[in-house]
Amino acid sequence: MATATAVAFVVFSCKVRLSEADSLDLSETPLQAVDSMYMIQSKNGSLEMRVVTGRMERYERDTCTVELFPEGINVYSYVEDGVLETTIRSNEASHETSKVGGREIWKAYGNVVVRNIVKQETMETDTLYWDRKNQEIYTDCYIRLYSPDGFMQGYGMRSDERARNSIILRPFNSYGVVVQDTTEVVVDSVNFIGPLLKKKAVRR
């Protein structure tokens with residue numbers, strides 16, 4: 001009698017676990033998670049790139065594999081002689097690889113800062129894409145560019161992946177700096193004088 005009870009308990013326990021497994025959404029459940037991740041890319045023995053992140057989570061979707069970096073990402077790119085040329089950092093990031101064609105898209109978002117140390121240029125935006133196949137970085141969001149030649153701002157940017165030749169697609173001149181989210185910026189399409197900044201009340 002005791003043996004039959006034990007067998008019944010094991011069967012019941014297995015059924016409970018199977019039902020829990022069936023209820024899992026594998027597309028939203030990480031198949032792999034790595035803390036304190038450090039990646040290196042080299043060519044002919046020379047360091048090309050370093051990627052440092054606090055956490056990586058890998059997901060399998062129907063059409064692609066997605067790697068999420070919820071604790072942000074830091075990318076360091078080097079020239080041929082090992083000199084650090086470009087850095088990219090953001091609050092969060094993702095890496096998507098298509099299962100058909102193998103296209104790779106990296107996305108950095110949340111306080112994205114791109115620095116070309118050699119040219120002494122700094123770009124700031126809220127979302128940045130890196131097309132690894134075409135070796136370019138780009139965004140359609142609001143962007144600020146600081147360089148030895150001065151300050152520029154606008155919407156949309158295209159550049160090579162090392163930020164050597166950055167072009168703002170829709171620049172505008174303004175003495176103010178837009179601090180709102182890109183989707184909340186209002187543009188005067190008639191006079192095109194730049195974003196309409198809210199006036200602060202002046203106490204008298």
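# Exercises on rings, core and cavity

A search of the whole structure, which is a predicted model, finds seven aromatic pairs.

**Exercise 1.** Decide what kind of pair the rings of Y142 and F172 form, and which strands the pair ties together.

Solution.
- Step 1: The ring centres of Y142 and F172 are 6.5 Å apart, and their planes stand at 20 degrees.
- Step 2: Planes under 30 degrees apart count as stacked, so the Y142 and F172 pair is stacked.
- Step 3: Y142 belongs to strand β9 and F172 to strand β11 (residues 167-172), so the pair ties together parts that are 30 residues apart in sequence.

**Exercise 2.** Classify the pair formed by Y155 and F172, and state how far apart in sequence the tied parts are.

Solution.
- Step 1: Centre to centre, the rings of Y155 and F172 are 5.8 Å apart, with 40 degrees between the planes; this aromatic pair is tilted.
- Step 2: Because Y155 lies in strand β10 (residues 150-160) and F172 in strand β11, the pair ties together parts that are 17 residues apart in sequence.

**Exercise 3.** Are Y142, F172 and Y155 buried or exposed?

Solution.
- Step 1: The cut-off for buried is under 20% relative accessible area.
- Step 2: Y142 has 4% relative accessibility and therefore counts as buried.
- Step 3: F172, at 8%, counts as buried.
- Step 4: Y155, at 9%, counts as buried.

**Exercise 4.** Describe the largest nonpolar core and the elements that contribute to it.

Solution.
- Step 1: This core has 22 residues. Those with the most contacts inside it are I73, V114, M123, L128 and I137.
- Step 2: Two or more core residues come from each of β2 (46-60), β4 (73-78), β7 (104-116), β8 (121-131) and β9 (136-147).
- Step 3: β7 gives the largest share, four residues.
- Step 4: Leaving aside neighbours within four places in sequence, V114 is in contact with residues including I88, M123, L128 and A163.

**Exercise 5.** Find the largest cavity and describe its lining.

Solution.
- Step 1: The whole structure holds one cavity of 30 Å³ or more. The largest cavity has a volume of about 30 Å³.
- Step 2: Its lining is made up of V114, N116, E121, T122, M123, L145, A163 and S166.
- Step 3: β7 and β8 are the elements that give two or more residues to this lining. The largest share, three residues, comes from β8.
- Step 4: Sorted by class, the lining has four nonpolar, three polar and one charged residues.

**Exercise 6.** Which residues do ring pairs link into a cluster?

Solution. The cluster linked by ring pairs consists of F69, W106 and W130.

Technical notes. Residues numbered from 1 in each chain as written. Predicted model: local features only at pLDDT ≥ 70, side-chain atom pairs only at ≥ 80, totals over all residues. Heavy atoms only, no water. Core = buried A, V, L, I, M, F, W, Y, C linked by side-chain atoms within 4.5 Å. Buried < 20%, exposed > 50% of the residue type's maximum accessible area, 1.4 Å probe, protein only. Contact = heavy atoms within 4.5 Å. 1 Å grid on protein atoms, 1.4 Å probe; cavity = no way out; pocket = protein on both sides within 12 Å on 5 of 7 lines; lining within 4 Å. Points joined across faces, edges and corners; volume = space filled by probe spheres on them. Nonpolar A, V, L, I, M, F, W, Y, C, P; charged D, E, K, R; others polar. Phe/Tyr/Trp six-rings, centres within 6.5 Å; stacked < 30°, edge-to-face > 60°.
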